[in-house]
Number of protein chains: 2
Amino acid sequence: MARPREFEPEEALQKAMLLFWSKGYHDTSIRDLTARTGVNQYGLYAVFKNKLGLYLAALDHYRDGVTAEVLAKLKQPGQAAERIEAAYLLLIARMQTADGAVGCLIANAAVEVAPESDEAAEKVQAHMRLLRQAFGDRLERAKTEGQLSAEKDSESLGAFLATTAYSLGFLLRAGSDQATLRNHIRTALTTLT
Amino acid sequence: MARPREFEPEEALQKAMLLFWSKGYHDTSIRDLTARTGVNQYGLYAVFKNKLGLYLAALDHYRDGVTAEVLAKLKQPGQAAERIEAAYLLLIARMQTADGAVGCLIANAAVEVAPESDEAAEKVQAHMRLLRQAFGDRLERAKTEGQLSAEKDSESLGAFLATTAYSLGFLLRAGSDQATLRNHIRTALTTLT
DNA sequence: CCCATTTCATATCAATCGTTATGAAAAGAG
DNA sequence: CTCTTTTCATAACGATTGATATGAAATGGG
């Protein structure tokens, strides 16, 4: 009983996320977003309310896509250290898009947007909790499987490994080469032994 | 033989740096900068050429101030691990200004500005080299003083410790508490043993 | 087939952006 | 004192920003 929408919100969100991911929040304009998504301004505002709303939705979309995939890799069976390394390597692959070495969208948001938006800050905090929990759980499991010393504090080590994930995003966006990234992963993993 | 300047470029640069540090590059306008520095637009443009020029000068000023002080602390005599920790703690103190937990200006620049400015990217890279070298040198010295196993790769460990400094900046800007920062330092230092 | 409703494609809005131009003010040189 | 030069304090510039308004186009219900 009304004109149908000509775009898929999920597709538009994916494309918008890629643009925010690459250029950041402030340097991405609404017109940039309409050009990239192919969606007119009316459509974007109708679905996502405003620019910040679209950005916040992109943060959620990142968590549900990239982060979920990486954490799934983390949870696969096997040696904990190997799975953690595999998760890091997958993350590195995902942080290089068609737009270049864009890093971690959440880490970028923490630097650029969180200080001025409580909602963005909360999403960053939630993402950090998610990663801390996931790495911490993985280490707890490693303990029960006899892969990690019972004397290790899996919570604090989990927090360290979570931060390491964001560090990889920073290194990548800062233009580091693969050898530097590999070295950082290797060194970080020595904290488990 | 002409009207004298009514402001001190160094003072203005310091104030401008603090504002860029807190709000980032894009969200800081020329008018914000004139208000904060007390310098009229003509003066800023005359000395720093344009907004990007002022920002790049702020990056240098950060290196010559904050970074130099932290690396001086790193080079003080004593146990390497203790000096590194002291340097990290000093860095954390410096990354909390009157404007809040602003993190590391260079890390912020890497995320927000480096992808769109070759000059900013080069300054970020140079800063990363500076930190890598400083930590690497400190570890080499620790080896000669018998504080670090000769089997350790001080270059790769130095790179890791340098990245850890930027990680602290990220954690701080992302709103982490002091306990999280201390934990990250403590865990990172276990890579030396 | 027509009407109510929603989206589409633009046009437009005031505000702000980085940058530059303008004229008064302030200094030393002659 | 006058002239030249540079800075100061603003005004102004065109461009772009996020957001909204406008009318045509497209659907399903009656």
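This presentation describes a predicted model of two protein chains, A and B, with DNA strands C and D.

Good morning, colleagues. Let me begin with the conventions. Because the model is predicted, local features need pLDDT of at least 70 and side-chain atom pairs count only at pLDDT 80 or more, while totals for chains, interfaces and linings use all residues. Residues are numbered from 1 along each chain as its sequence is written, and chains are lettered from A and ligands numbered from 1 in the order in which they are written.

I turn to the relation between the two protein chains.

How many residues does the contact between the chains take from each? There are 34 from chain B and 34 from chain A, where two residues are in contact if their C-beta atoms, placed from the backbone, lie within 7 Å. On the side of chain B, the elements that give two or more residues are α6 (105-112), α7 (118-144), α8 (154-173) and α9 (178-189). The largest share of that side, 10 residues, comes from α8(B). Helices here are DSSP runs of H or I with at least four residues, strands are runs of E with at least two, and both are numbered from the N terminus. By class, the side of chain B that touches chain A divides into 15 nonpolar, 15 polar and four charged residues. In this scheme Ala, Val, Leu, Ile, Met, Phe, Trp, Tyr, Cys and Pro count as nonpolar, Asp, Glu, Lys and Arg as charged, and the others, Gly among them, as polar. Moreover, 100% of the interface residues of chain B are also interface residues in chain A, so the copies meet through the same surface.

One helix illustrates the covering of this region. Helix α6 of chain A, residues 105-112, is mostly covered, with eight of its eight residues buried. A residue is buried if 20 or more other C-beta atoms lie within 10 Å of its own, exposed if 12 or fewer, and partly exposed in between, with C-beta atoms placed from the backbone. Among the buried residues of α6(A) are A:Leu105, A:Asn108 and A:Glu112. What covers them includes α1 (9-23), α4 (51-75), α7 (118-144) and α8 (154-173) of chain A, together with α6 and α8 of chain B.

Next, the DNA. DNA strand C is surrounded by 23 residues, and the closest are A:Ala2, A:Arg3, A:Gly43, B:Arg3 and B:Ser29. Near means that the C-beta atom of a residue, placed from the backbone, lies within 6 Å of the strand. At least two residues of this surface come from each of α3 (41-48) of chain A, and α2 (30-37) and α3 (41-48) of chain B. α3(A) provides the largest share, four residues. The surface near DNA strand C has 11 nonpolar, six polar and six charged residues.

For DNA strand D there are likewise 23 surrounding residues, the closest being A:Arg3, A:Ser29, B:Ala2, B:Arg3 and B:Glu6. Here two or more residues come from each of α2 (30-37) and α3 of chain A and α3 of chain B. Which element gives the most to the surface near DNA strand D? It is α3(B), with four residues. By class, this surface divides into 11 nonpolar, six polar and six charged residues.

α4(B) and α7(B) pack at an angle of about 5°, with their axes 11 Å apart. Axes are lines fitted to C-alpha atoms, for helices over the stretch in contact, and angles run from 0 to 180 degrees between N-to-C directions. The two helices are therefore roughly parallel, a term for angles under 35 degrees. Residues of α4(B) in this contact include B:Leu56 and B:Arg63, and those of α7(B) include B:Glu119 and B:His127. The contact of α4(B) with α7(B) has six nonpolar, two polar and five charged residues.

I close with one backbone detail. A:Lys49, in the loop between α3 and α4 of chain A, has a positive phi of about 75° although it is not a glycine. A:Lys49 is exposed, with 12 other C-beta atoms within 10 Å. In chain B, B:Lys49 lies in the loop between α3 and α4, and its phi is near 75°.

Methods. Angles under 35 degrees count as roughly parallel, over 145 as roughly antiparallel, 65 to 115 as roughly perpendicular and the rest as oblique.
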